[in-house]
Amino acid sequence: MKTKFSSLVIANLLLIVACKNSTTKTESMVYPKTAKVDTTDTYFGVKVADPYRWLEDDNSAETKEWTKQQNELTFSYLSKITDREKIKQRLTQLWAYEKMGTPTKKGEWLIFAKNNGTQNQSVLFAQKNNESPIVVVDPNLLAADGTTSITGYYPTPDGNYIAYGLSKAGSDWTEFYVFDLKTQKLLTDHINWTKFSGIAWKGDGFYYSGYSKPKEGTELSGKNQQQKVYYHKLGDTQEKDQLVYEDSKNTLLYFGVQTSKNGKYLLLWISEGTSGTMVKVKDLSKANSDFIALVDDFTGDFDANEIIGEKLFVVTNRNAPKFQLVEFDLAKPTTNAFKTVIPEGNYKLETLANIGDKFIVSYQENVSSKCYVYSLQGERLKEIALPGIGTSTNFGDSDSICYMPYTTFISPTSILAYNINTGELKDFFKPKMDFNSDAMETKQVFYTSKDGTKIPMFITHKKGIKLDGSNPTFLYGYGGFDASLTPEFRVDRALFLENGGVYAVANLRGGGEMGADWHKAGTKCNKQNVFDDFIAASDYLVNEKYTTRDKLAIHGRSNGGLLVGAVMTQRPDIAKVALPVVGVLDMLRYHKFTIGWGWAPDYGTSDNKEEFECLYKYSPLHNVKEVSYPATLILTADHDDRVVPAHSFKFAATLQEKQKGNEPILIRVESNAGHGAGKPTSKLVDEFTDMWSFVFYNLGMSVK
């Protein structure tokens, strides 16, 4: 690799020229001038230029100045949109409804998170019987701008202690604290430099996964390696924590920890990325016992699980693409030996919860939840009748009540309570908001992709719309990492729907909607299937006269940002508006930053010749041509340490350089924010105000 960046170029890095009228679409944009450097990498004999490599250094003065001036151009454009203030006012109204997380009961304590609708962050509460709830932690009091958020909470089985994680400015880095519910006081315990870790209680302490403190200046973009498992005793400083497990030969692994309710067993869940799980168990009742492998390779996923006595029940796709429930004997652990409890069926088995002497099991049947009661021996006993097409998963539990979150495309998340003894299903929490969901409807269609595969898609709109091609339409997709786009209420979409928009969600291959085979059909060198599925979704919406190309916007986040970047470079005519958000856009270097290496099971890497050829063929950054692109608003954040903002920076600079049409290519860089999780309400309203202002203006919509 060679790099040349003269001091003269640095000194004259940026020249911004205000556009003549940033909201006059017939005028060409004049963008900040972005310096180019002579940087070239060679992959298997192929030379690949990377002229904006310098934008990978998000700490440099030059990158900060570039970001500042790009934001100035973007906000100058947005400020001239007449309906922007109306959009913000309406989004603020829509967001102002009470929200509740799924409760769980431990001992005498019901533990839950709640937001009154105007708070930046949800507050963690604990409530004993019918007494008034107490505040465990209110993150709104920890940062004036609301950017400290709760990442998770982990009560002891008796509910006497709660460990909770906090994130600052949207970072994936988490700090853990412990609250004593008996005394209602915060303890002195403080754990730092953890990422993607839970807490597993044992006795007077807990297990967790952590990293060594990163070198100064590399906290947000440095490569995260060598995660280890530690045991922390309450009252000790972190420096005294005991190292429990590490793998010094394989530094790119994740470790998840879990203990049985009786404290006898420690489970270690090991993954080398986003797919594949090894499982090890340690008998804590025996001094100096070793970890024994229950699963010794990464050929299957082992996910949702319950430990009941000496038995481990796990949902897995090992030998079952649509997943099955299997049982391991922890008292006599044997590698790769398990018994099937609920065999694979016609639909994907999603998750389960153990309530009393039963299992509550959620399936995805045509991408909508169906929930059933099973015996512990695997006999289906009855169906729990959900209100309609929606999503219910990630249950909360007590001795006899299963708390079931339930949401649809047109109704916000409510909490249902199912009594395992009586079979009664009733509302536990039902939010009220200023949105007429009764005026909307959702239907599911199946359309044909390029290779003949039938792809499901949900379409939501006002009842009684005309299919005359005049409807502004918003197409959303993801298609990766075994993630499923099941029915989900998104507040900002309500604004679009009530102003006559059509909201479509395509369930692309690469996701988990139809099981492991569906996922694998969109990974590595099969990734083009995902883009073909999305393009076919846009074709369906146009051919069925929901909309036209000039009335269509496409959107995706993270891996979905890659999706939008890929389809707009392959089919620049696909839509009027493109919104790649926090996207993975440089497919040749993604694995060199933070935890990007963990995505290799889905993407492959440029270190492998065959995979390089596939990645290079569709990598959005490397396939920008001198053609006319849609009106594009790229969104990212300066503290995104999952998909580092360099992806968006380099893509924006390249699009601005090569755009031949008159549509704007803009980038919005949020400050003091990360990949998306934990973003305060105020920043969410601001972000979606700008996104929807861009969409409304470029699709010719107005706020009614």
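In this predicted model, C371 is buried, its relative accessible area being 0%. The sulfur of C371 has its closest cysteine sulfur in C402, at 7.9 Å, which is too far for a bond, given that a disulfide requires the two sulfur atoms to be within 2.5 Å. C402, for its part, takes part in no disulfide, the nearest cysteine sulfur being that of C371, and C402 is likewise buried, with a relative accessible area of 0%.

**The disulfide**

- The structure contains one disulfide, which is formed between C525 and C614 with an S to S distance of 2.0 Å.
- The link of C525 and C614 is right-handed, with 100 degrees about the S-S bond.
- Because C525 sits in the loop between α5 (516-520) and α6 (528-543), while C614 belongs to helix α9 (residues 609-618), the pair ties together parts of the protein that lie 89 residues apart in sequence.
- A disulfide is, in general, a covalent bond between the sulfur atoms of two cysteines.
- C525 has a relative accessibility of 34% and therefore counts as partly exposed, whereas C371 is buried at 0%.

**The four-stranded sheet**

- Four strands make up an open sheet in the order β8-β9-β10-β11, and their pairing is antiparallel.
- The edges of this sheet are formed by β8 (148-155) and β11 (185-194), each of which pairs on one side only.
- From one strand to the next, the twist averages 25 degrees.
- Strand β8 is joined by seven bridges to β9 (residues 161-168), and these two strands run antiparallel.

**Confidence of the model**

- The protein chain has a mean pLDDT of 94, and 96% of its residues reach a value of 70 or more.
- Over residues 1-26, however, pLDDT stays under 50, and for this stretch the model has 54 contacts beyond four places in sequence.

How values were computed. Residues numbered from 1 in each chain as written. Predicted model: local features only at pLDDT ≥ 70, side-chain atom pairs only at ≥ 80, totals over all residues. Heavy atoms only, no water. pLDDT = per-residue confidence, 0-100. Contact = heavy atoms within 4.5 Å. Pairing = 2+ DSSP bridges. Axes fitted to C-alpha atoms, helices over the stretch in contact; angles between N-to-C directions. Buried < 20%, exposed > 50% of the residue type's maximum accessible area, 1.4 Å probe, protein only.
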